[in-house]
Amino acid sequence: MPRDTTRRGFLTAAGAGALTAVAGCSGNSEPTEQDTAAQNDSGKNSAAKTQESNDGTDESTAETTDGSSGGILQMMADGSVQTLDPINAKGSGAGYNQYNQQLMYFPDGQYPPEPALATGYEVSDDGLTYTFDLREDVTFHDGSEFTAQDVVYSYRRLAESPNSRNKDDIVGETLTIDHEKDATLSEPTDEETLADVVPDSLAVEAVDDYTVEMTLASPFEYTLFQIAGGAFAIIPEGSVGDIEGYNGEYAYNEFFSTQGEGPAFAGAGPFQVDNWQKGSQITLSAFEDYYDGEPDLDAITFTVVSSGNTRLQRFQNGNADILESVPTASFNPSSVSIDSEEGNRSLGSYTLDDGTTVNYGEIPALTTEYIVFNTLEVPLAARRAFAHAMNQHDIAENVYKGMGKPAYHIVPPAAYPTFENGQAGEDAYDRHAENGYESNTDFAADGYPYGYGETQLEEARAVMEEAGYGEDNRYEITATTITGNSGYQQVFTTLQSKLRSAYIDMSIEEAEFGSIISRAISGDMEVFGLGDGMEYPGPQNFLRFLHGQNPSGQFTRWGAEGSYVTEEYRETAREAWDSNYAADGTTRADHNEAFQTVEEMNWASVQELPFLHPMSQRFWHDDVDVEMYGVMENQAFDDTQLSR
């Protein structure tokens, strides 16, 4: 089942053991980093060394314990760590929830969020001002004491730093902390929303050492969810000098990467970065001064294993403690036995191919798997041909073996807009896709226009012929899929054979997940597969990227100069967003109308082609005492225990 998903704003699934991070839709390139290993001489329990054997498994020299605590939790990551910087990370960050902390957090991945570095908060009657009382017993990994100034500095970096790839999370179109804009910093277009923050104008104030006041430009109902996301992690004030007023105690790559004696990184999480061998392994050791008590584990080792089959083999051989997904081709639904339900979590056991029984958990994910088109490169006719050729029901049943719901909208069913007549969530989702229920545009009047639960190859051929393509003028395109992700590979391979009859010749290449994110940001791919997980259960979390504002900063580039854009569709989406969502005095019903219109214009424009809302899964051995995470998925292992 898929785990190569992203979180807008760096809410990663890494706390659940995956090496993933945000796929926001704007940002800068990765900073230059040196491939030198960092050693920490603190004397804390370092991870065991591993040696790869010829069959792809490893022999671990990790020490074991006889008690119920201590020991080293052996985890796997599916790609190389690129940076430890929470505001920059897109596609990297193994173990993120272990070594960082925010003002708010999702306990064991469950919402609503609760105070973490904060002890409590108050919200003004107008919903604009949030006042946070802070803990007075927090120590960063470098020994410095946490105060309100650290919050101000960290939030300023997110909004102002040239290294920030997640500015849309703090000064974008949903959560927008009040700030001044300098029009000279951005072009006079409808894109001037992110690059024009006047230094030190962000409305985040240290009232005193342990009180922070934050004022929004407009009320946002998911504020506490958003600031629980990874991009809002707090680091010590002045650690680096990438915003005005700070020279920086360390050079950027010395603090966040392996330059010189680095990383000198200091967070406030239960584990600290102990050893980082770029491209292969990162080790986190227990932080004895963690404010909530020293973790039960001694250390956590994340070893990079890009192959899903190799990850499964390592887990099966006992060389990894937790497995966050089984390759779709290897998963056997009949091997699952569900014993209990805890809310929306299902718990039980799974029998591996060798007969070994392990613990198992599953939960419907707030995630969408989809295909992304770069509209600077791919014309609308080809995008629509892809949609006609795809059968989402077939993918869910035969590729993902029923472990997910066919996706026709970008917003997952649990977060889909509700309506005044009481039709809500999954029912509204299904009825809109099937027959155009509550549709706002003629394009969606009859429901999903490319075949609900069917493949329409004749229509695919017709749309390409109308655009001038045929046997003597075939369209060529390259699709990029994540290395080791058998689900995406099967989706593209199936489409490849179908599209040939529609005059489309598609070649398929593989790339590591982190590389795909970096390439998506730079815009050098034509079409690629991606998964996106929600930071909060509101439709705007995803749809803010699909209505055509700031097009040059989006993966799709829809509306950017030179893109294949239908202005009628873009104007419809922009008008719905500006008038029904962003305007003052709008109601929840107005918002829902805007959300559905943007979904319908994504149908019309095929910027992103959804195919699955997956089920998230976890497998773990009997000697690991760990909770199955909740729907937000990010989880710290501070209370996880080993008994071996």
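Predicted model: local features only at pLDDT ≥ 70, side-chain atom pairs only at ≥ 80, totals over all residues.
**Exercise 1. Describe the peptide bond from Tyr-111 to Pro-112, then the phi of Tyr-503.**

Step 1. The bond from Tyr-111 to Pro-112 is cis, and its omega is near 10°. Pro-112 belongs to the loop between strand 6 (104–105) and strand 7 (114–115).

Step 2. Tyr-503 has a positive phi, near 70°, in a residue other than glycine. Its loop lies between helix 11 (486–500) and strand 22 (504–511).

**Exercise 2. Find what Thr-119 touches beyond its sequence neighbours.**

Step 1. Set aside neighbours within four places in sequence. Thr-119 then contacts Asp-133, Leu-134 and Arg-135. Contact means heavy atoms within 4.5 Å.

Step 2. Thr-119 and Arg-135 are 16 residues apart along the chain, and 5.7 Å separates their C-alpha atoms.

**Exercise 3. Work out how helix 7 packs on helix 10 and on helix 11.**

Step 1. Take helix 7 (residues 380–389) with helix 10 (residues 457–466). They pack at about 175°, and their axes are 8 Å apart. Axes are lines fitted to C-alpha atoms, for helices over the stretch in contact; angles run from 0 to 180 degrees between N-to-C directions.

Step 2. Helix 7 is therefore roughly antiparallel to helix 10. The classes are roughly parallel under 35 degrees, roughly antiparallel over 145, roughly perpendicular from 65 to 115, and oblique for the rest.

Step 3. On helix 7, the contact residues include Arg-384 and His-388; on helix 10, they include Glu-459 and Val-463. By class, this contact has eight nonpolar, one polar and two charged residues. Ala, Val, Leu, Ile, Met, Phe, Trp, Tyr, Cys and Pro count as nonpolar, Asp, Glu, Lys and Arg as charged, and the others, Gly among them, as polar.

Step 4. Now take helix 11. Helix 7 packs with helix 11 at about 110°, with axes 10 Å apart. The two are therefore roughly perpendicular.

Step 5. Ala-385, Phe-386 and Ala-389 of helix 7 meet Leu-495, Lys-498 and Leu-499 of helix 11. Five of these residues are nonpolar, none polar and one charged.

**Exercise 4. Determine how helix 14 packs against helix 15.**

Step 1. Helix 14 and helix 15 (residues 588–605) pack at about 165°, their axes 8 Å apart. They are therefore roughly antiparallel.

Step 2. The contact takes in, among others, Tyr-569 and Trp-577 of helix 14 and Phe-595 and Met-601 of helix 15. Its classes are ten nonpolar, five polar and two charged residues.

Note on methods:
Residues numbered from 1 in each chain as written. Heavy atoms only, no water. Helix = DSSP H or I, 4+ residues; strand = E, 2+ residues; numbered from the N terminus.
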